[in-house]
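Take a look at the structure below. We will go through its charged side chains and some of its helices, one stop at a time.

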Amino acid sequence: MLLLRDSRSGQALLGTATSHTALVRASHAGTTDPAALGEKFTATLEAALQSGLYDRAPLAEVAGKARAADPETVVAELLPQLPFLPKTSLSSAGHQAFTRELSDFLHYYESSGTTGNPVAAPKSLDDLIVNTINIGEQWARVLDRTDRALILINAPFAPAAYQFEKVLEYLQVMSMRPWVDNITGDYTRVLRLTRELAVNVFVGPPSRLLEMIQFAYRNDEPVPAFDKLLLMAEQTGPGFVRHLERLTGATAYVASYGSSETGTTAVTCERNNLHLQTQSYLLELTDDAGTRFVDGSADRGELVVTSLDMPARPLLRYRTGDLVEIPGTPCPCGVATPLLRTLGRSQDLIVLEGNGIRQNDFEAALWPAEHSGPTVLNYMLVIRGDAIVCLATTDKDVDEEWSRGTAERLGTLFPGYDLALRAVEKLPPLASLGQYLGWKLSRVLDLNDARNWDRLPAPIRGVVETTLADLAPAPQR
């Protein structure tokens, strides 16, 4: 998986891989020793003492207690005594979060900066190996060596594309990892290679796949057909998954959940359920009712993550800002770890006149289970006053009757607002940047802030101005 010139490092890496693979398989079987997790937690506390991210005095006190505690009970007793780590603290700490010299890392990455300043997220040898095995042991239930994969992740500073390439190497699945310029958006070569190499697996964010499909329709290219879609980096609810499966003929999996900062905290199985990686993380939920451990019972709240396999950059009670649900039911696949469903980021909620609207709600109405006629390929919502314009690309020409009927269906989600749908040839570049910006920033443009007009290219801006004038004449800007 990795060739290292230094034989001692290679042997140590092999030992890490062997022991962690055994731990992963025990976790899948439901036989993880609580003492083993307690020992990893204590080691993480010791590592965190070398980080400039934490207040040393209270951390040293908890670490001292952990050394004397029973490994089987240390997590339950001591983790709640640690303070939360907010996103802002991690983003402002920079390299102070490291417990090793920068030269001891393998690759330097940063988070996208979607919810604040970019966070340094370099990869060390040990956490790269652990994360690769965590993902690979789950993806092995979905992929086999005859598969050929396209990794399409335009994120040069984020570790995802490289990490997934390592996972496919681990599984000995052939892959290619091209780059598509965000300005020109030219997918000609990618589409050609996908056809010529008979690529049957897509790995990447849904917005990038939609952009590629939209390019194919616009340029009279064959729409790419896949067998499997391994989707990540964006909120992808049932309506969105259903839409992508219709377009590509594939089975779509929400393949992983995590971040550049935390690594991959949940991975799909063949039943398309995300399984928490409880051998590598201690997980809690927090909300107005308090904070509690994820124990497999039904629950929901904001996910709080403590890493157990990132000694070079340990995270203690890191508040992700992500709203999640624990279904509390066993998975038919047989993997014993708890399931997770993502509900989106807390900041992605659209609040209009007190009504909260989430991405999944809108997309379920846009792409219903029963469908006939023209298909919306992709969309963007533009808000101004009491008017909403849904910009949409479609797979065929549409008439006013279809646009009006679709707008009426979608408009029920926005009481008190006038909604119109306008078919356009191409969406603003924002719509392809979901993995960087999040749903609200990439798909919902609020023109009540006059500065946002500049985010609309000239042809699209004209469509929006005309539609808004028809719906509700706006005051002069």
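This is a predicted model: local features need pLDDT of at least 70, side-chain atom pairs count only at pLDDT 80 or more; totals for chains, interfaces and linings use all residues.

Arg 192 has a partner: it forms a salt bridge with Glu 196. The closest N and O atoms of the two are 3.0 Å apart. Glu 196 is exposed, with a relative accessible area of 52%. Where do Arg 192 and Glu 196 lie? Both are in helix 8, which covers residues 188-196. They are four residues apart, about one turn of the helix. An α-helix has 3.6 residues a turn, so residues three or four places apart point the same way.

Side chains of opposite charge can pair when their charged atoms come close. The structure holds 22 salt bridges. Take Arg 25 and Glu 137, whose side chains meet in a salt bridge of 2.9 Å, N to O. Arg 25 is in helix 1 (residues 7-29), Glu 137 is in helix 6, and the two are 112 residues apart.

Is Glu 137 buried or exposed? Glu 137 is buried, because its relative accessible area is 14%, and the limit for buried is under 20%. Now look at the helix around it. Helix 6 runs over residues 125-139 and has 15 residues. From its first C-alpha to its last it reaches 21 Å, close to the 21 Å expected at 1.5 Å a residue. Of its 15 residues, 14 are buried, so helix 6 is largely enclosed by the rest of the structure.

Next, find Glu 46 and Arg 67. Their side chains meet in a salt bridge of 2.5 Å, N to O. Glu 46 lies in helix 2 and Arg 67 in helix 3 (residues 56-68), so this pair ties together parts that are 21 residues apart in sequence. Glu 46 is partly exposed, at 27% relative accessible area. Arg 67 is exposed, at 52%.

Salt bridges can also form a network. Here, Asp 287, Arg 292 and Asp 299 are linked in this way.

Finally, turn to the surface. Which residues gather there in a patch of negative charge? They are Asp 33, Glu 39, Asp 70, Glu 72 and Glu 77. Glu 39 has its place in helix 2, residues 34-48. Glu 39 counts as exposed because its relative accessibility is 51%, and exposed means over 50%.

Methods
Residues are numbered from 1 along each chain as its sequence is written. Side-chain values use heavy atoms; hydrogens and water are left out. Patches are made of residues with over 30% relative accessible area and no salt bridge: like charges are joined within 9 Å, nonpolar side chains (Val, Leu, Ile, Met, Phe, Trp, Tyr) within 5 Å. Accessible areas come from the Shrake-Rupley method with a 1.4 Å probe; for residues, only the protein chains shown count as cover. A salt bridge is a side-chain nitrogen of Lys or Arg within 4 Å of a carboxyl oxygen of Asp or Glu. Lys and Arg count as positive and Asp and Glu as negative; His and the chain ends are not counted. The place of a charge is taken as NZ of Lys, CZ of Arg, CG of Asp or CD of Glu. Buried means under 20% relative accessible area, exposed over 50%, partly exposed in between (1.4 Å probe, protein chains only). The expected span of a helix is 1.5 Å times one less than its number of residues.
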